[in-house]
Every structure is written in structure tokens, then in C-alpha cells.
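Please keep the sequence and the model in view while reading.

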Amino acid sequence: MGATHLPSTEFDGTELDDLLEAQAEAALGVPSSEMVQLLGPDGTLGTDSVFSEYAARLDAEKLRGFYADMAAIRRFDQEATALQRQGQLALWVPLTGQEAAQIGSGRASQPQDYIFPTYREHGVALTRNVDLAELLKQFRGVSNGGWNPKDTNFHLYTLVLAAQTPHAVGYAMGIQRDQRLAEAQGVESAQGIDGPAGPKAAVMVYFGDGASSEGDVHESMVFASSYNAPVVFFCQNNHWAISVPTAVQTRIPLSNRAKGYGFPGIRVDGNDVVAVHAVTEWALEHARQGNGPVLIEAFTYRVGAHTTADDPTKYRESSEEALWREKDPLDRLEKYLRAEGMADDAFFAQVAADGDELAAYIRKSTYESDAPDIRTAFANTYVEAHPLVAEELAWFEEYSAGFAGGDEGEGASR
Amino acid sequence: MTTMTIAKAINEGLRATLSNNPKSLLMGEDIGPLGGVYRVTDGLIGEFGADRVVDTPLAESGIIGTAIGLALRGYLPVAEIQFDGFVFPGFNQITTQLAKMHSRSNGNLTVPVVIRIPYGGGIGSIEHHSESPEALFAHTPGLRIITPSNPHDAYWMIQQAVNCQDPVIFFEPKRRYWLKGEVDRESAGPAEDPFKAHVVREGTDATVVVYGPLVPVALAAANAAAEDGRSIEVIDLRSISPIDFDAIEASVKKTGRLVVAHEAPTFGGIGGEIAARISERAFHSLEAPVIRVGGFHMPYPVAKVEEDYLPDIDRILEALDRAFAY
Ligand SMILES: Cc1ncc(C[n+]2csc(CCOP(=O)(O)OP(=O)(O)O)c2C)c(N)n1
């Protein structure tokens, strides 16, 4: 097949698709360029030969929990956007539209799994019990992180696109070594650093369709495959890298790239929380059991702007947004829950009330979140004592002390 | 005391590291059965296995990025970059991720990664195999940069680099890999702080500060100057970040004159930083401006003319002459 036969968009080129699909089926038993969907936009639950089994593990309580999470994070997103508009945050990165991709995948992870997010994974952060007020510190400019990743196994956000993907693979290689060490010591598996025997762990790393073009994603997939590392690459294809459509990043479904590295790739309806959860659960189990990496492409849409500094009207039609609003992840789960009698008006009213409470908490903690003392930056540049830092800090102290009434706080915020 | 080359001393240092610390591991291109292109990791894979001595895919960003991940998981990765000029595909990971992880996590995370880079010229090699990029890294807060100039330091400093909780770039002077010297391996541990400079030759009339590959050059220049009746003190910096300004200042207060030499281009280099700092700290002790000797502002030239590029004995003597002319 020559280059002239390459498809002009990701949606045609059946010849190539057929070839890739045959290869994918061999690897997984699932045709990877076909999209896994369980809960359709109309709120009815379909079946899938591989993943229905996983969906069957979800009881009414779990499904209600998914809805509550998605609603909470959407409410949080609205509040953060409002806080940015009020000048309380320097920037905000909205996630509306991607709730199912994030809640579904995050809820599929286990506490011992380690998650490397990019910068839009507020929903995943929620599922990992990160205090969402701490998450806003980076956007308020009071921290470059904000939370301790060791508390939740949810790493810091990374703003250099794809830079976190090799970290994830390296971390996964560390898990492999921990498990080998533990096994050599006669225990089943090791949970953490020198940790006690515990359940087997995997790593999940998030990145976007735009970031998928970065060299680090390629290198990570090569490393992951070479060492069979327990890592799940979770690509949220939200269709736009700021103003550039996915078609500029790739001419085949992104999930198909996995085959080139020799591991399974699955495209899932990213607005279907049930399917995302099922596929991610499968992938994480696959990785934890020592079967190597998986690439998941969650086919979703960024309904709002890229950030609060972006203006999507300059590069896309509002009709496109409208089309995707019809596939809204919350609406379809609500329809399903109501149709099956799993949730009633009282439940949805409670979710809304909880959302208001969360928003009030976020607002209050943001107002209260103040600039840190610059001395903490002096203290954290290096772990061990450093003469240059000590010298510059001493100068700073003396300089600050020279100002009238220059107490520590004033010196720090100067 | 055992006599060995710098390459062998690093090899022995890595062997000691791998034996002493089960969480340490080596990673890089061709470091396994081949033992690295300079054979610095020779024999280690046979002793410690492919999980501890990892032949990686050919991908510098991948090597450094996965080393960061391993360090986050509690491992002590020592990554080898094959040659100085090939560190740049990994530059992003080093400067935007490795250097900042501790600070941006408010001190919660540490990434004790060591990156070994053979550097410098003088081996008659082709493009990208002879560069001295240390200033590019020294400008980045969060990194530590050290470079040994003799086998004893090589043996101990690599182990100290691994034990350091901060990321360390370990520049290996490749044209000195075969330089022999005595290594005291029997002592319980290293006597010296790796971030402190050494006065390797005492003198009273002028100070020459060098590091890595230029240490033998400066010593030879000092010997030549002695024949003219000049007493030259030579300082082996050993650490490029942090720089032991106290040691330089103390020497300059004694000698009154300072020449700094390195292979990297003079402009924007480490020499300029030393000149500025010493001018601030010891202005009244200086009898002449600080004089810099370094590479020219050009891409590292072809091997056939590298002798004209690299600071040699005569260039250091000429700089001393200038310092003495004031
Ligand atoms: C290395 C790098 N280059 C450019 C940018 C600027 N930038 C930030 S987000 C973005 C688009 C990313 O798109 P995608 O990966 O699809 O993720 P999304 O924001 O849509 O979730 C760009 C170009 C960056 N952060 N890092």
C-alpha cells in the first residue's frame, strides 16, 4: 500500500482501517478502531462482547456515585471559571464535556495505582480525593503544585506537554522492580517504596490528542513496550489542541498507534462513563497482572474554551459544539438512572445542593489562599544545603530588614 | 591504594554503588553487554543483571524521563548520555522536570537522578562528540554539577552523586578517561565534600581555577611558570554548581591574581560567573582583572583544528602574563 492510499481524514481509508483492525483483533480480541460504547446518548445500555462483563460489576450505588462525581466536577469547573473572571485565578482550564472520561477512568483506578495527570484532570483529581481547593493553588499563582502527590498517588499537574509520560513509564518500571524484590523476599507484591506486601499496582498517565504528537509520547510507548511496563496511557481526544483539530495530529484513530508499539489500543466513547470505566478497569487489570501497557483513546469533546484565555469562536463552528452537547455525559446517565428507577428527583436535588456547598467551599478557600513566603522557594530549590541559595537568602533577609517596619511577611511578599 | 584509570575508577564506583544500594540502577544506550562506548560500565550487567544495568532504547528524553519516574518510585537511577552533544533531546526533561520537581512539589518529592555525561574535546572526534555544555545546566537552579579530574575523585564522587538527594549531572572528562592515578578505596568513605574545590598546587603569585580535563593542563602551565620564578596556585573546582567561591576567594586574597580556564566558550561561561563573583568578594585584593581563558564563540571546530580551540599550556601562560602586566 503506497502513500497515495493513506486516508485523507481519520474517518475514511477503509483499506488501511481493515488492515489495522485485523491486527488489533489479534492483539485484544477487540477491533480497536471501532469505538466501545455501552451507554448511548439516548440513555439506553447496549452490549459489548468484551466489556459488558465489566459494566455488569456496577451496581446502582456506583452509578449514582458516577453521576454525583460528574455533577460535582462540572459545578467546580463553573465555580473556577467564575473565580477566574473575578480575577481570583490567573487562568482556568475547563473540563466541561470530559467528565465521563475522567470520572470513569479515575474511578476505575485503585488506591495503590499511581496517576500522572496533565493539567485538565480535575475530575480524576476528585476521584483520587485531592482537595480541589488545593488544586486551584497553581491557577491562583500561590504554588506550582499545591498538593502532596504521596497522599493520594495523584501526581502534580504538568504544563510541558507530554513530559509526564516518560515519568509514568519510569514509575511503572519501579513498580515492576518493587514486585520482583518483594517476590524475591517471598511476599506477593510491594505497594510502595520498600513498602509492605500489598495489592499489585499500575500507573495511568493522561495526555491530550495534541500532546500525542510530542516525541515524549513516542519514547514513552517504546520504553513501556520494551519493558512490558504496567502503564495505561489514557489519551483524552477532545478534538482540539487549542485551535488545531485532531486531524492535524493524526490521520488514523489514535488508539491504532498502540499496535505500532505492540500493545493493545482501545477507542472508547469518552462521554460514556460506563464504557470508560469498563475499558479502564480492564486495562489496569491487564497492566497489574503483568501483561504490559495499554493505550486508551477516550473519544470526547472539549465543549468550552481551551482555557479562559481562549476564544473558540475563532476556529470552530458553534454547531459543532451543539452536536456534542447532545452527547452530554451527564444527561445520558441521568436518563438511564431515571429509566431504571435507580435515582429520583430527590437524588438529583441532593446532588445540586452538594454542588452548591462545594462551590461555596471552593470560593471561600480560594479567597483565603494567600501568597506563600518566598523563603519556602529558597528552602525547596534543593534538598540538601546549597551555599548559593544560603548566600542569596542571607542577602534577601538583610535587604528586607532594611525597610522601615519590614517585618518578615512584608519582606516575603515584596 | 590501587592505581587505575579514571574510566576504571568510575566503573569501580558504580560497582560499589550497585552493591551497596539495591535501589540503584544504571540506564543508558549500549551500557549493557558492550559496557558503554567508553567501557565505563564494563562487566556490570554480568554481575548485576539486566534489571540493574538497563540497555535502554535509543531515546535521551525517554532515558531521563523514565529515570525521573523511577526516582519518584524510590529508585536511584544513574543515566548515561553517550556523548555531550546528544544530551539535548533530553534537555527538556532535565531543565523543566528534573531540576524543578522538588521545588514545585513544595519539597514533597525528591528525584535523586544522576546523569553521567562524557564531555570535552581533545580526542580527535567528529561533530557533537567534543562539547562542554556545563554552563547550560549550571544556569538551571535545582541541578548540581560535578566533574572529577583524577581517579580517586572519580571513584568517590560518582558514589556521592548517587547518594545526593538532589539531581546531579556528573560530567566525565572523556580525554582523561585513561589518566591513571591512585585510588584509596579502603577508606570507610570519601574524605572530601564533592562540592568543595581542591587546591591541587599551592602558590603565592597568582591563582588558576580549572576543572575536569584542564586540571593537568593548568598544573603543567604552573610548572612552566615556576621556571620563570612565578608561584602559581592551581584550584581544581570539582563542583561547577554550586561553585566553591570561598576556596577561590581565599586563594585570591593570598595571590591577588586570578585566571579561570575552561574548554567551553568563554562568553556566558562559568569563567564569567567566577570573575563577577570574585570581583565582588575580593575587589580590594585583586591586583589585576580576572582573566578568562576558554573556547571561542563558535560551534566546536573540526578535530583537525581543535588544538587551536582548546586552552593549552601556552594560552594559560599568556593569560598569566596579562595578569602580571597590571
Ligand atoms: C511543550 C509545549 N508546547 C506548547 C504548549 C502550549 N499548549 C498548552 S495546551 C496546548 C494544546 C494541547 O492540546 P491537547 O494535548 O489536545 O490537550 P487539551 O488541552 O486539549 O486537553 C498547547 C499547544 C505546552 N504547554 N507545552
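In this predicted model, the side chain of Gln236(A) makes a polar contact of 2.8 Å with the side chain of Glu121(A). A polar contact with the side chain of Gln98(A), also given as 2.8 Å, involves the side chain of Gln236(A) too. Gln236(A) sits in strand β4 of chain A, which covers residues 231-237. Its relative accessible area is 4%, so Gln236(A) counts as buried, the cut-off being under 20%. Setting aside neighbours within four places in sequence, the residues in contact with Gln236(A) include Ala101(A), Gln102(A), Tyr206(A), Phe207(A), Gly208(A), Asp209(A) and Ala298(A).

The next stop is the ligand. There are 15 residues around the ligand, and those that come nearest are Tyr119(A), Arg120(A), Leu159(A), Gly210(A) and Ala211(A). By class, this shell divides into eight nonpolar, four polar and three charged residues. A polar side-chain atom of Arg120(A) lies 2.7 Å from a ligand oxygen, and a backbone N or O atom of Ala211(A) lies 2.7 Å from an oxygen atom of the ligand. For Asn238(A), a side-chain N or O atom is 2.9 Å from a ligand oxygen. Taken alone, the ligand exposes 580 Å², and the protein buries 71% of that area.

Aromatic rings come next. Over all chains, the structure holds 37 aromatic pairs. In one of them, the ring centres of Phe154(A) and Tyr157(A) are 6.3 Å apart and the planes meet at 65°, so the pair is edge-to-face. Phe154(A) is buried at 0% relative accessible area, and Tyr157(A) is buried at 0% as well. Another edge-to-face pair is formed by Phe207(A) and Phe233(A), with 6.5 Å from centre to centre and 75° between the planes. This pair links distant parts of the chain: Phe207(A) belongs to strand β3 (residues 203-208) and Phe233(A) to strand β4, 26 residues apart. Phe207(A) is buried at 3% relative accessibility, and Phe233(A) is buried at 0%. Ring pairs also join Phe76(A), Trp92(A), Phe139(A), Trp147(A), Phe154(A) and Tyr157(A) into a cluster.

Finally, the chain as a whole. Chain A has 19 helices and eight strands, and 57% of its 414 residues are buried. Of the contacts between residues at least 6 apart in sequence, 72% join residues at least 24 apart. The accessible surface of chain A is about 17000 Å², with 51% belonging to carbon and sulfur atoms.

Notes: Residues are numbered from 1 along each chain as its sequence is written. Chains are lettered from A and ligands numbered from 1 in the order in which they are written. This is a predicted model: local features need pLDDT of at least 70, side-chain atom pairs count only at pLDDT 80 or more; totals for chains, interfaces and linings use all residues. Side-chain values use heavy atoms; hydrogens and water are left out. Helices (H or I, at least four residues) and strands (E, at least two) are DSSP runs, numbered from the N terminus. Buried means under 20% relative accessible area, exposed over 50%, partly exposed in between (1.4 Å probe, protein chains only). Contact means heavy atoms within 4.5 Å. Accessible areas come from the Shrake-Rupley method with a 1.4 Å probe; for residues, only the protein chains shown count as cover. A residue is near a molecule or strand if one of its heavy atoms lies within 4 Å of it. A polar contact is a pair of N or O atoms within 3.5 Å; within protein, one must be able to donate a hydrogen and the other to accept it, and residues adjacent in sequence count only if both atoms are side-chain atoms. Ala, Val, Leu, Ile, Met, Phe, Trp, Tyr, Cys and Pro count as nonpolar, Asp, Glu, Lys and Arg as charged, and the others, Gly among them, as polar. Rings of Phe, Tyr and Trp (its six-membered ring) pair if their centres lie within 6.5 Å; planes under 30 degrees apart count as stacked, over 60 as edge-to-face and the rest as tilted.
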